[in-house]
Amino acid sequence: MKVAVSSEGPGLDSQVDPRFGRAGGFVIVDMETMQADYVDNGASQAAAQGAGIQTAEKLAGLGVQAVMSGYVGPKAFMALKAAGLDVYQDMENRSVGDAVRCLADGSVSPASAPNK
Amino acid sequence: MRIVIASGKGGAGKTTVTACLAGQWAGELLLADADVEAPNLHLLLHPDLEPPEPVFLEVPELAADVCTGCGACRPMCAYGAIAMLGAKPVYFQEMCHGCGGCFAVCPEHALRVARRELGALLLGKVRAGERSVPFLMGRTRVGEAMTPPLLRAQERKLADLLRAHPVDVLMDAPPGVSCPAMTAARGADAVLLVAEPTPFGFYDFKLAHAAFAQLGRPVSVVMNRVGMEGNLACEDELRAWCAGAGLPVLAELPFQREAAEAYACGLPPTEAQGATGREWRQRFAGLAAKLRTFAEGAGHA
């Protein structure tokens, strides 16, 4: 399974970006191999509106099955659920690697509603 | 003729100026409040209002059983209201501008017409002495992010009213220089900019002038809250700037406690008790006459 973590930088050591739609980028982690790839999300930061929907669409297109972030807005949340992705919120104030370890050891659970 | 009263900065005095002009306008008149996100002209003019008439925008609704997931609609939408998430597109109706493009490109006719409530139009009458002045205002639904479609509906209503009974229009515009203000100003014969001589007010005034000048509408100025301690340098700067830009300053309204007191009681300063009310009525009779001459002259230019 692949998980996308909103990130302020390109690696597992980078801090989780609390924003989803306007996150600087996403670290895509393969949970089996722990291989990490980086996807830049800079373009959506300039979008006047609909950044969350755009970002959700992009991640769904990358074959990601789960998203970890800080705050996910209502439209972005709806978009992620429509694409069948699990959403993990309130993951800010830690590194991408720590967030992924929380997912691996089952100490976090997917959200049923947006927290923003 | 139609005069649009605008400002750039909010709180500069658009509504007060509109309400004061209304009482001193020579000739038949219609009053319109186009600040549909926060209408307030009715708070000063107290019209008798008819029940609100809801306004809707036609938006697409996907018939998922008919949609084949071809994705033709996705790139059509310039507003990001359609996303391909999984096998079928997902429609975000609150993002839709109602352009109809997705209906036009869907090869399966998988879209039905749904509607989103934008807000309401309210018609009424303002009693001003023996006169009864028609009043039109729009009010955006709480939670609705888009105002131009409601403003266009208000414009159609206004056109209907004027076709039946052509009169002058004084329109209280939305603040700012973005889509709502520009949509309101588009129909103006002349724009009256209310300028507040503060650094913030002056800055936004220049933005407003730059924006409205592009519409090709003649712009004149009324300075508000003149003589306020600390603003004198800014007043001089504003006068000089207007002179340099060839903008006529048709009136300067004083900063005055009695005017603010009347406003706080829900009255334009022209309705204040005693000498204050008299002075303000005189001031606005003068402004109304100059404004009419300005708009007529601009029309012939």
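Predicted model: local features only at pLDDT ≥ 70, side-chain atom pairs only at ≥ 80, totals over all residues.
1. A pocket here is an open set of grid points with protein on both sides within 12 Å along at least five of seven lines, and a residue lines it if an atom lies within 4 Å of a point.

2. Let's start with the largest pocket, which holds about 400 Å³ of space. Its lining is made of 20 residues, and those closest to its centre are Q49(A), H97(B), A145(B), M146(B) and P148(B). Two elements give two or more residues to this lining, namely helix 5 (148–164) and helix 6 (179–185) of chain B. Which helix provides the largest share of the lining? That is helix 5 of chain B, with three residues.

3. The structure has one cavity of 30 Å³ or more. The volume of the largest cavity is about 100 Å³.

4. Now for chain B as a whole. You will find 10 helices and 12 strands in it, and its C-alpha trace spans about 75 × 40 × 40 Å along the principal axes. Chain B has 301 residues, and 50% of them count as buried. Take the contacts in this chain between residues at least 6 apart in sequence: 74% of them join residues at least 24 apart.

5. One residue I would point you to is T16(B), in helix 1 (residues 14–24) of chain B. Is T16(B) buried or exposed? T16(B) counts as buried because its relative accessibility is 17%, and the cut-off for buried is under 20%. Beyond its neighbours within four places in sequence, T16(B) has contacts with L44(B), Y263(B) and P269(B).

6. Finally, a look at helix 4 of chain A, which covers residues 96–104. Its buried residues include V96(A), G97(A), A99(A), V100(A), C102(A) and L103(A). Where does their cover come from? It includes strand 1 (2–7), strand 2 (25–30), strand 4 (66–68) and strand 5 (86–88) of chain A. Just after this helix, G106(A) adopts a positive phi of about 75 degrees.

Technical notes
Residues numbered from 1 in each chain as written. Chains lettered and ligands numbered in written order. Heavy atoms only, no water. Helix = DSSP H or I, 4+ residues; strand = E, 2+ residues; numbered from the N terminus. Buried < 20%, exposed > 50% of the residue type's maximum accessible area, 1.4 Å probe, protein only. Contact = heavy atoms within 4.5 Å. 1 Å grid on protein atoms, 1.4 Å probe; cavity = no way out; pocket = protein on both sides within 12 Å on 5 of 7 lines; lining within 4 Å. Points joined across faces, edges and corners; volume = space filled by probe spheres on them.
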